[in-house]
Amino acid sequence: MENKSPSAIARTVEDNSAFRTPHSELQSPLLLLEQVTKWYGPVIGVNQVTLELHGGIIGLVGANGAGKTTLLRLVTGQLRPDLGRVTVRGFDTWNWQTKRLIGYCPDADVFYEEMSGLEFVETMARLCGYSRREARQRTEAVIEQVGMVGRSSRKIRGYSKGMRQRIKLAQALLHDPELLVLDEPLSGIDPIGRQDSLQLFQELADRGKCLLISSHELEELEKLTDRVAILARGRIAAVGPVRQIRELLDHHPMTIRIDTAKSRQLAAELLAFQEVVGVDLSESSKEMPEVGTLIVRARNPRKFYEDFGRLVIQKELDVRRLEPLDDSTEAVLDYLLGGRNV
Amino acid sequence: MSVGLPPPLLPVARAWLELVWLSIRRQARMRQMLVVAVALMILAVVLVSVITFFGRWTLHNNRPRPRSPTYQQSVYHIKAARMMAAPNDSFGALLDGIGASVQTALDHGAFVVFSRWIVFAIFQSFLLPLWTLSFATDALGNERESRTLIWLTTRPLPRSAVYLAKYVAMLPWCLGLNLLGFGAICLAGGEPGRLAWDLFWPAVCWGTIAFAALFHLLAALFRRPAVVALIYSFFFETVVSDLPGDLKRLSISYYIRSLMFDSLSGLDMSPDQVTVYAPVSGWTAWGVLVGVTVVLIIIGMVVFSRMQYQEDV
């Protein structure tokens, strides 16, 4: 079977219709990066990146130094591409007016420390051009949204990392932007806060916002979305639903765990499948001596699951457990980056 | 098809005014350079006070040679000689003339000495640019250094407006510090100081405005604007502006001093060697200072609009 390169994967999955809303033919893409390249002197930050987003939540993942922050700063108009174009709803992101369509929660943990959280967010609202009254109303609304009511009047310098993250998030929501760009928004937030943040992100997505989230917290990201853009060495290595990307990684057969009572018989049957490249038979556990565990490595997982399903029905097999072991975002990323951790 | 963006004029004006107010408040926080500026101000005031206390602004108590009488004693000797001469004697009339001339020169010498050494050599060449840069480089420089610039550049405000707002917000602080400092020095200088204040404060204002525009531009261009501004001030404004020839015409200090010379024209006084310094007329100096300010601000707005600040990338 032919192995596909990361760029080929990116091209293939970009064409996937899951990334387009029904109105995509009528409107400019919400976010469009066209062959965007950014250099820092002799070092390339992002390299010929093409990406088109129409809505929902998209995770941006990649190793340290892969170009995630550069990409986000291009999207938010902090940087200007050396080649290519970045637009939001057809407007160049370098244009100051486009910033009304974008909410940005930066990774940098910097504030006007002498202010309280409330003052800071209200100041940001005033800098968006809202009247004093409207700024106060919007500030109170977003403070409530991020769960900072009752704590927002304290000075920022006394805040925990999680509270600071929430204030950053609050200022990004002030002007009700169509596109929310969040750089490591879960960093430093406690588990309960994370849950609240994930819920908030989901609510925002449900309200039609597009969220581009860069995060190292892949498990948390998976709870939120299965759509990711994977950056490697400044290039988009793959973009699309994680499972779909995983299926295209032919040179890394999917590893699937199957617990069954007739493990030896099943192993023999599975080896007859064209897409199965190997089966390991593990010892039975002491708790369930009658159940054996198979670790199956198979190409083309979709076809494998179809064939496996038919086999189970035909042979009336007692399958106790069927679990893909390496279709998580982390595993996909690990394969794409050649084993380098994020 | 693209969605349209709503008309931004009113919100932008409101946001700009808010940014000016925010920046004024943030400038109020003491910075390292400001501490240096205030320390220098105190030092200068103490120095001037000591000189005033010992009455050293005039030449009354100076001696042309060691052990010879002071200038004031010489005047007394001339007057005494005049009293011994006959009232209608031509020699007596000559002594009258010499005595009056020397006394006038001694009386007005205080202002000349104060202007030359305190106003021109210390304040205008050194303290004025230094005090201005302590606020002017901080307006943008501090935002860059503390990486808080991101909060301004992610707002729906033109970058040029951000630059201008920062300049406008910093100006009252620069003017306040310079006028306060100059006022304190003049006050400590006694009578010649008060005359210097009356004559020179407008030149201090215009100089501050021009220097502030220059140092604000340096803050947009360099990561360490205070260092660059200090080097520029010492090597260009202090040294070059005093050199003979036309090179000094490139310095802002030259036009500030020309404005100061012009303010003296009605008093028939010359606190420096005007023929050597060759100042331009008051209107020319004022025009150049205003023009330079406007041009520097426009350049800064363009530069800031195009710059990509990558402090945290």
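Hi everyone, and thanks for coming. Before anything else, please keep in mind that this is a predicted model.

Let's begin with chain A. It contains 11 helices and 14 strands. Of its 342 residues, 45% count as buried. If you take the contacts in chain A between residues at least 6 apart in sequence, 72% of them join residues at least 24 apart.

Now find helix H2 of chain A, which covers residues 68–75. Is H2(A) mostly covered or mostly open? Mostly covered: eight of its eight residues are buried. Just after H2(A) you reach Gly77(A), whose phi is positive, at about 75 degrees.

From there, let's turn to the place where the two chains meet. Chain A puts 30 residues into this contact, and chain B puts in 28. Which of them gives the largest share? That is H3(A), with four residues. By class, this side of chain A divides into 13 nonpolar, 11 polar and six charged residues.

Let's move over to chain B and look at two pairs of helices. Two packed helices are described by the angle between their axes and the distance between the axes.

The opening pair is H7(B), residues 190–221, and H8(B), residues 225–239. Their axes come within 8 Å and cross at roughly 135 degrees, so H7(B) and H8(B) are oblique to each other. The crossing is right-handed. On the H7(B) side, the contact is made by Phe215(B), Leu218(B) and Ala219(B), and they meet Pro225(B), Val228(B) and Ala229(B) of H8(B). This contact has six nonpolar residues, no polar ones and no charged ones.

The other pair is H4(B), residues 90–145, with H9(B). Here the axes come within 10 Å and the angle is roughly 130 degrees, so H4(B) and H9(B) are oblique to each other as well. H4(B) passes H9(B) in a right-handed crossing. H4(B) contributes Phe120(B), Gln124(B) and Ser125(B), while H9(B) contributes Ser253(B), Ile256(B) and Arg257(B). By class, the H4(B)–H9(B) contact has two nonpolar residues, three polar and one charged.

Our last stop is helix H11 of chain B, residues 282–306. H11(B) has 25 residues and reaches 36 Å from its first C-alpha to its last, close to the 36 Å expected. Its buried residues include Ala285(B), Leu289(B), Leu296(B) and Ile297(B), along with Gly300(B), Met301(B) and Phe304(B). And what do the buried residues of H11(B) pack against? They pack against H6 (159–188), H7 and H9 (252–263) of chain B.

Let's zoom in on one residue of H11(B), Met301(B). Why does Met301(B) count as buried? Because Met301(B) has 20 C-beta neighbours inside 10 Å. Leaving aside neighbours within four places in sequence, Met301(B) is in contact with Ser160(B), Tyr163(B) and Leu164(B). Val162(B) is 139 residues away from Met301(B) in sequence, yet the two are 8.4 Å apart in space, C-alpha to C-alpha.

How values were computed:
Residues are numbered from 1 along each chain as its sequence is written. Chains are lettered from A and ligands numbered from 1 in the order in which they are written. This is a predicted model: local features need pLDDT of at least 70, side-chain atom pairs count only at pLDDT 80 or more; totals for chains, interfaces and linings use all residues. Axes are lines fitted to C-alpha atoms, for helices over the stretch in contact, and angles run from 0 to 180 degrees between N-to-C directions. Angles under 35 degrees count as roughly parallel, over 145 as roughly antiparallel, 65 to 115 as roughly perpendicular and the rest as oblique. A crossing is left-handed if the near helix is turned anticlockwise from the far one by less than a right angle, and right-handed if clockwise. Two residues are in contact if their C-beta atoms, placed from the backbone, lie within 7 Å. Ala, Val, Leu, Ile, Met, Phe, Trp, Tyr, Cys and Pro count as nonpolar, Asp, Glu, Lys and Arg as charged, and the others, Gly among them, as polar. The expected span of a helix is 1.5 Å times one less than its number of residues. A residue is buried if 20 or more other C-beta atoms lie within 10 Å of its own, exposed if 12 or fewer, and partly exposed in between; C-beta atoms are placed from the backbone.
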